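Trainee: I would like to learn how to read a model like this one, feature by feature. Could we go through it together?

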Amino acid sequence: MLLAAAAAAAGDQQYPAPALYVVATPIGNLADLTLRALHVLGLVDAVACEDTRHTAALLGHVGIAGKALVAVHAHNEREAAGSVVERLARGERVAYASDAGTPGVSDPGARLVAAVRDAGHRVVPVPGASSATAAFSVAGDVLAEGFRFRGFLAARGAERQRALELVITSAEAQVLFESPNRIASLLAAMAALDPTRRITVARELTKQFEAVTNMAVGDAPAWIAADPNRSRGEFVVVVHARAVVPGADGDAATADASRT
């Protein structure tokens, strides 16, 4: 029934061959798979994917069986792109799906797309779920004019500290990803640099225990320490934009939205 509904909604569109279809998949809630994505996954000759086991389970949930799967992940993307290009040269349609969300944003996919384009083949986006845009949409950052996506910062050391300083000193809105084992240290480091900066912490987006909290980053270390559950899951942190105001010396200075 799902595949029939997808075909009814999306089947009249054009699906050229050969082509690579870059397919966004759910970030946690299976219902976020679009009808167009479902139709494409059923239509293509093969699905390139970050983890074949994960994608096989997804396809099984929606009733797609027997699909050829090609592993294309961060450790083999450049080499595996060659096998995808070979399929396209034979006139096939191939989809690419990362484990969750939109490929090529933080997950693998960019090298694959570049290789396919360099080989002269078409690349078709099939948009859908993205944790970055999902978090930003509920941040309520009225000063933002778009955002800079930073993804995961360096894990440790001077490189991480430099990245954090860039985040905090920039006036623009930014979106970060963080793992549960580093979220507390991330918030503490940001609070030490500028405790007044507004942030939104989005945890487990689209899942059963989804939580979205707005606060000054100076309040974040105590907030996360108050409940062990607050440091569990996958995190997106939106650093809110700051207003740019004239400084006393005539140069531009920044102020937090909470002060304006």
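Trainee: What is the mean pLDDT of the chain, then?

Mentor: With a prediction, look at confidence before details. Here the mean pLDDT is 93, and 94% of the residues reach 70 or more. Take care with residues 248–260, where pLDDT stays under 50. The model has 26 contacts beyond four places in sequence for that stretch.

Trainee: And the overall dimensions and packing?

Mentor: The C-alpha trace spans about 65 × 40 × 35 Å along its principal axes. Of the 260 residues, 43% count as buried. For contacts between residues at least 6 apart in sequence, 69% join residues at least 24 apart.

Trainee: Which residues is M190 in contact with, beyond its neighbours within four places in sequence?

Mentor: To read a packed position, go from its element to its accessibility and then to its partners. M190 is found in helix 8. Its relative accessible area is 0%, so M190 is buried. Leaving aside neighbours within four places, M190 touches L164, I168, L176, I199, V217 and V239. There is also P221, 31 residues away in sequence, with a C-alpha to C-alpha distance of 9.6 Å from M190.

Trainee: Is R160 buried or exposed?

Mentor: R160 is buried, because its relative accessible area of 8% falls under 20%. This arginine sits in helix 7, residues 157–169. Beyond four places in sequence, R160 is in contact with L153, A154, A155, E178, R182, S185 and L186.

Trainee: How many salt bridges does a search of the whole structure find?

Mentor: The general idea is that side chains of opposite charge can pair when their charged atoms come close. In this structure the search finds 8 salt bridges. One of them joins R53 and D51, at 3.3 Å from N to O. R53 counts as exposed, at 67% relative accessibility.

Trainee: Which residue forms a salt bridge with E92?

Mentor: R87 does, with the closest N and O atoms 2.9 Å apart. E92 is buried, with a relative accessible area of 15%. Look for R90 as well: R87, R90 and E92 are linked in a network of salt bridges.

Trainee: Where do R242 and D194 lie, and what does their pair tie together?

Mentor: R242 and D194 form a salt bridge whose closest N and O atoms are 3.0 Å apart. R242 lies in the loop between strand 10 and strand 11 (243–246), and D194 in the loop between helix 8 (183–193) and strand 8 (198–203), so the pair ties together parts that are 48 residues apart in sequence. Both R242 and D194 are buried.

Trainee: What is the phi of E204?

Mentor: E204 has a positive phi of about 55°, although it is not a glycine. This residue is in the loop between strand 8 and strand 9 (211–216). E204 is buried, with a relative accessible area of 16%. T206, also in the loop between strand 8 and strand 9, has a positive phi near 70°.

Trainee: What volume does the second largest pocket have?

Mentor: About 170 Å³. The residues that line the second largest pocket include I27, H54, H61, D99 and A100. Its lining has 6 nonpolar, 5 polar and 1 charged residues.

Technical notes: Residues are numbered from 1 along each chain as its sequence is written. This is a predicted model: local features need pLDDT of at least 70, side-chain atom pairs count only at pLDDT 80 or more; totals for chains, interfaces and linings use all residues. Side-chain values use heavy atoms; hydrogens and water are left out. On a 1 Å grid over the protein atoms alone, a cavity is a set of points where a 1.4 Å probe fits but cannot get out, and a pocket is an open set with protein on both sides within 12 Å along at least five of seven lines; lining residues have an atom within 4 Å of a point. Grid points are joined across faces, edges and corners, and a volume is the space filled by probe spheres set on the points. Ala, Val, Leu, Ile, Met, Phe, Trp, Tyr, Cys and Pro count as nonpolar, Asp, Glu, Lys and Arg as charged, and the others, Gly among them, as polar. A salt bridge is a side-chain nitrogen of Lys or Arg within 4 Å of a carboxyl oxygen of Asp or Glu. Buried means under 20% relative accessible area, exposed over 50%, partly exposed in between (1.4 Å probe, protein chains only). Helices (H or I, at least four residues) and strands (E, at least two) are DSSP runs, numbered from the N terminus. Contact means heavy atoms within 4.5 Å. pLDDT is the predictor's confidence in each residue, from 0 to 100.
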